[in-house]
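This report is meant to be read beside the sequence and the 3D view. Please keep both open while reading.

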Amino acid sequence: MKPHSDNVFTDQYRQAARKGIQNPVLQSALAALQARIGKGAAAAYQALPEGPELRHHAHDIRMKSIAHLDVLLETLADRVRKNGGNVFFANRAEDAVNYCLKVARRHDVKRVVKGKSMVTEEIGLNDALEAAGIETVETDLGEYIIQLAHEKPSHIIAPAIHKTRRDIGELFSRKLGIPYTDDPPTLTQAARKALREKFMSADMGTSGCNLACAETGHIATLSNEGNIRMSTTLPRVHMSFMGMERVTGRLADHDMLFRLLSRGAAVQTMATYVNYVGGPRYSGQVDGPDEFHLVILDNGRSKILADPELREILGCIRCAACLNVCPVYAKIGGHAYGFAYSGPIGTVITPLLTGINPARDLCLGETLCGACKEICPVDIDLPRMILTLRAKLADGDPGWDVTPVNKLEKGGMVAWSKMIQSRKRFDQSLKLARLGQKLLPGKGGMIRRLPPPFNGWTTERDLKQIADESFNEWWRKKG
Ligand code: SF4
């Protein structure tokens, strides 16, 4: 990423953010999403029989699971194998992709139908399958739309939020050969018909995982469209992908976590379909695959687990509630985040998965308003971790390969810290600054432009001049 001349944000981030801000369709879609789902989720927590404090209990459950991941993952793998399934622990994204390709080749797979999965987005599974000549079809309606449009998701659970009915009508007319319409039920029926044919002829299905259960050896997925059930039951081979953190010990914990997840994600008491899969079809069973594979992905998560300040992020259940209240996400949209995960969760997880320096725009771009923590169904302290990442960018951290972003700024902060620790030094600096500001262009008690390197402060706004007399000076005179 090329740094911008003010040394804060890269040009790439600025341009992507500007594009989002200048897109009226995106702006109105995100405003509607935040007004409806963002506000609704908070009210839904209040209406819980256990009260909104249930979020804190959920946080404890998630953190306990994270603390015992080694045992839980081994138990999960044992149970899945006992159920007749196969388990593969993938250290890196390419290991997961290669495993999938190997299984697909062994079964001479020509077509894969996919249930929605952010992990497969993270590892770039679609591109790899397509490059190997395997047709890969997203079956979640939003994902299907953006796949047809050759775009990337702009929201974790509403991937096509940036598209209008008209866009989708034109897209379906072009790609599915149907007469143009922007009537949502007609468009949905057209997608349903096209996807039904894909489901019936697919050799392999894939899915993500909302949570796995170590106790029973099952993978649970939530959806509102029923497409995941088709992906998991119709093709003869099924492969589920999960980040290694998405496991709980007890099935009893799923009920609480899914009630919270459904409220945070879509203001529902529970998603329409809750699907459990944990192995191939038993003999005599009508539905289900002949072969089941579970891919458990590390891809940098072990390193996060080893960091006591940042491991809390592994408790995230990817509900996207934090996107629905974030004022930055509401303006710049998901594409500006440049990776599979956007919004506040993307701001923390992307730097940890891809490198903190390359993703520094995200860490510096958030407002730290705290809305994300307030709405998170599992009470993840995102603002605290954003501050931790900023501290690493300011001070450097060899453990995470972080080099300080701006040495000048760091020097300035050290000088500032020394200055405010001494009353005498502070008063002298104030007097000096009062004199200095007379040389700057200003009007009506406001400074119009600060000189470099402080000019960023006055690019978009004026700065109030330092008063001729401070409160302390006035108070001392009075006494
Ligand atoms: S951080 Fe919380 S609100 Fe954001 S996606 Fe994760 S669980 Fe949902």
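## Basis of the model

This is a predicted model, in which local features need pLDDT of at least 70, side-chain atom pairs count only at pLDDT 80 or more, and totals for chains, interfaces and linings use all residues. Residues are numbered from 1 along each chain as its sequence is written.

## Domains and core

The domain assignment gives domain 1 (11-39 + 322-400), domain 2 (53-299) and domain 3 (407-478); such bounds come from an automatic or database domain assignment. Between the C-alpha centres of domain 1 and domain 3 the distance is 31 Å.

The largest nonpolar core holds 115 residues. A nonpolar core is a set of buried Ala, Val, Leu, Ile, Met, Phe, Trp, Tyr and Cys residues joined through C-beta atoms within 7 Å. A residue is buried if 20 or more other C-beta atoms lie within 10 Å of its own, exposed if 12 or fewer, and partly exposed in between, with C-beta atoms placed from the backbone. Residues with the most contacts inside this core are A96, V295, L297, I313, C322, C326 and V348. Helix α2 (residues 24-46) supplies the largest share, seven residues. Because domain 1 and domain 2 both give residues to this core, the core lies between them.

Leaving out residues up to four places away in sequence, C326 touches G343, P344, A371 and C372. Contact here requires C-beta atoms, placed from the backbone, within 7 Å.

## Helix α4

Helices (H or I, at least four residues) and strands (E, at least two) are DSSP runs, numbered from the N terminus. Helix α4 (residues 69-82) has 14 residues and reaches 20 Å from its first C-alpha to its last, close to the 20 Å expected at 1.5 Å a residue. The expected span is 1.5 Å times one less than the number of residues.

L72, L76, A77, R79 and V80 are buried in α4. Seen down the helix axis, the buried residues of α4 fall within an arc of 165°, so they line one face of the helix; the arc is that of the directions from the helix axis to the C-beta atoms. Their packing partners are α3 (54-67), β1 (86-90), β5 (211-213), β8 (247-248) and β10 (291-297). On the face turned away from the buried side are the exposed residues D70, V71 and K82. G84 follows α4 and has a positive phi, near 100°.

## Helix α12

Helix α12 (residues 252-266) has 15 residues. Its buried residues include H254, L257, R259 and L260. The elements covering the buried residues of α12 include α2, α3, β5, β6 (218-223), β8 and α17 (371-375). Just after α12, V267 has a positive phi of about 50°.

## A four-stranded sheet

An open sheet of four strands runs in the order β8-β5-β6-β9, with mixed pairing. Two strands pair if DSSP finds at least two bridges between them. β8 and β9 (273-277) are at the edges with a single partner strand each, so one side of each has no neighbour in the sheet. β5 and β6 pair in the antiparallel sense over three bridges, and C213 stands opposite H218 in β6.

## Loop residue N357

N357 is in the loop between α15 (343-354) and α16 (360-365). It counts as partly exposed because it has 18 C-beta neighbours inside 10 Å. Apart from neighbours within four places in sequence, N357 is in contact with V402 and T403.

Conventions: Contact = placed C-beta atoms within 7 Å.
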